[in-house]
Amino acid sequence: MAAATYLYLPYDCWETVIRFIINNDDENNNRHSMISLSAVSKQFLAITDRFTGRFRFLLPLRQNRTQPLLHRLYRKFSILTSLNLSRYSGYDLDDLLCQISRFPTLKITSLNLSYQPTVPENGLRAISQNNTILTSLTCSHIYDINATHLFFIAECFPLLEELDLSHVGMFMHTMVDETESYVLGVQALSLALFKLRKVNLSYFPINNQSLFHLFNNCKLLQEVNIFGCRELTNAGIASALRERPKLTSLLLSISLHHDEFTASHLIDSLVSLKSLTCLGLSALNISDELLYTIARKRLPLTRLVLKYCSGRYYNGLFYLLSMCHKSFQHLDLEDNRFLNDQHVVELSSFLGDLVSVNLSNCSKITESALFALARKCPLLGEITMENIRGSVANYESPAYIGVHPQLKSLYLGKNSWLSDANIIMFASIFPNLEVLDFNSCNNISKGYQRSREDYSSKKFKHVWN
């Protein structure tokens, strides 16, 4: 009788209970609470949907035991729109997709099939025949993918707006012999996917000809990731960029055996992207002149990524940030070999709107750079400084460092100089930390575990060691 009374409490009563749980939970656990509550029943799903609509749309399926429960899951989540089968290693994937395709009201718009042995063609064909609204497909880290799969995707999913084929080139040992096939495959994709807005081809065997087809044929293309594409050259990228001047995001790197990233035709093509808000360059030889030119053109950049880049380009970086100091929100300078604490102090003066920064593997910076950023960047919520030099010198006085409640996430993994005292200090000067990551910091003693209650009073939500 008690169980029956529990099940049939009025809707308003359950809404009050769930609202109380959500309002009294911390922000990070809030997401997990919403997902857990929404899985209890359709009634709870409807209630949690009033607080947020996005959690109900994603269902990850990774375990073998999922298949026998598939129909029950469908009845509970009949309005599902996003399906994550990344790393799924249980029941036959083709057959699973075929079963999912038979659910009459299920309308999947986003499908993730990453980390699979190959592309499940039979299952995807069934999905395409019964679900014509798929707009996002992720096939990242597929072990065995070939040009035939590209033709298949072009045939089955012409309405795709987002396509991720990243990190598959490392497995393609026949790439040289089948270059022409891949060129034709990418051309078929570019002709069929007339709505494509976002594509990730990092570490995919794309060459200059394929890239030109993609940029020339996909008229709506806005975001492109071509990190680690070894066959691309300066001239090939420049030619492609001229075909798509309205790009908003570009992430690229080219093989180091090609010319340095200083060719005037490539720089001219890059700075012609008047709508570019995100620019990422990886493993390139950067010059001051490139950054001077970008600064003079006043591109509306809000995110700048210069990861693993060689060259001494501090003057150009200083000029760029000083000219665009009201726009940058995200800055990634990972593995910069010349950047030091004084440089960070100088650059931070132009980063008043900065939200996140990554200075990992910058071998000349210490925790002083961390404190400078916290002082100068009032909106900075996330700092990543893994594997930096650190310092054994005495800290600046806490009064000078101040208290900085804006910082929510601090990633300090692989810093052997960190000690318990450092962590205690961070807790005091960053009182609103939600994530503190000190993974692989060997000098953090076991005594820290005994002090965890002290840190929990600071409301840390995740602490890794």
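Which residues form one aromatic cluster with Phe338? Select Tyr313, Tyr314, Phe318 and Phe350; together with Phe338 they make up the cluster. Keep in mind that this is a predicted model.

**Aromatic pairs**

The count of aromatic pairs comes to seven. Pick tyrosine 292 and tyrosine 319 next. Their ring centres are 5.5 Å apart and their planes stand at 80°, over the 60 degrees required, so the pair is edge-to-face. This pair links distant parts of the chain: tyrosine 292 sits in helix α13 (residues 288–297) and tyrosine 319 in helix α14 (residues 314–323), 27 residues apart. Tyrosine 292 is partly exposed, at 23% relative accessible area. Tyrosine 319 is also partly exposed, at 28%.

Now go to phenylalanine 371 and phenylalanine 426. This aromatic pair is tilted, with 6.4 Å from centre to centre and 55° between the planes. It too links distant parts of the chain, 55 residues apart: phenylalanine 371 belongs to helix α16 (residues 367–376), phenylalanine 426 to helix α18 (residues 420–429).

**Nonpolar core**

Stay on Phe426. It is one of the residues that touch the most other members of the largest nonpolar core, which holds 125 residues.

Zoom in on isoleucine 294. Leaving aside residues up to four places away in sequence, it touches Leu270, Val271, Leu279, Leu299, Leu301 and Leu320.

**Last stop**

Select arginine 87 and tyrosine 115. Arginine 87 lies over the face of the tyrosine 115 ring, 3.8 Å from its centre.

Note on methods:
Residues numbered from 1 in each chain as written. Predicted model: local features only at pLDDT ≥ 70, side-chain atom pairs only at ≥ 80, totals over all residues. Heavy atoms only, no water. Core = buried A, V, L, I, M, F, W, Y, C linked by side-chain atoms within 4.5 Å. Buried < 20%, exposed > 50% of the residue type's maximum accessible area, 1.4 Å probe, protein only. Contact = heavy atoms within 4.5 Å. Phe/Tyr/Trp six-rings, centres within 6.5 Å; stacked < 30°, edge-to-face > 60°. Helix = DSSP H or I, 4+ residues; strand = E, 2+ residues; numbered from the N terminus. Lys NZ or Arg CZ within 6 Å of the ring centre and 35° of its normal.
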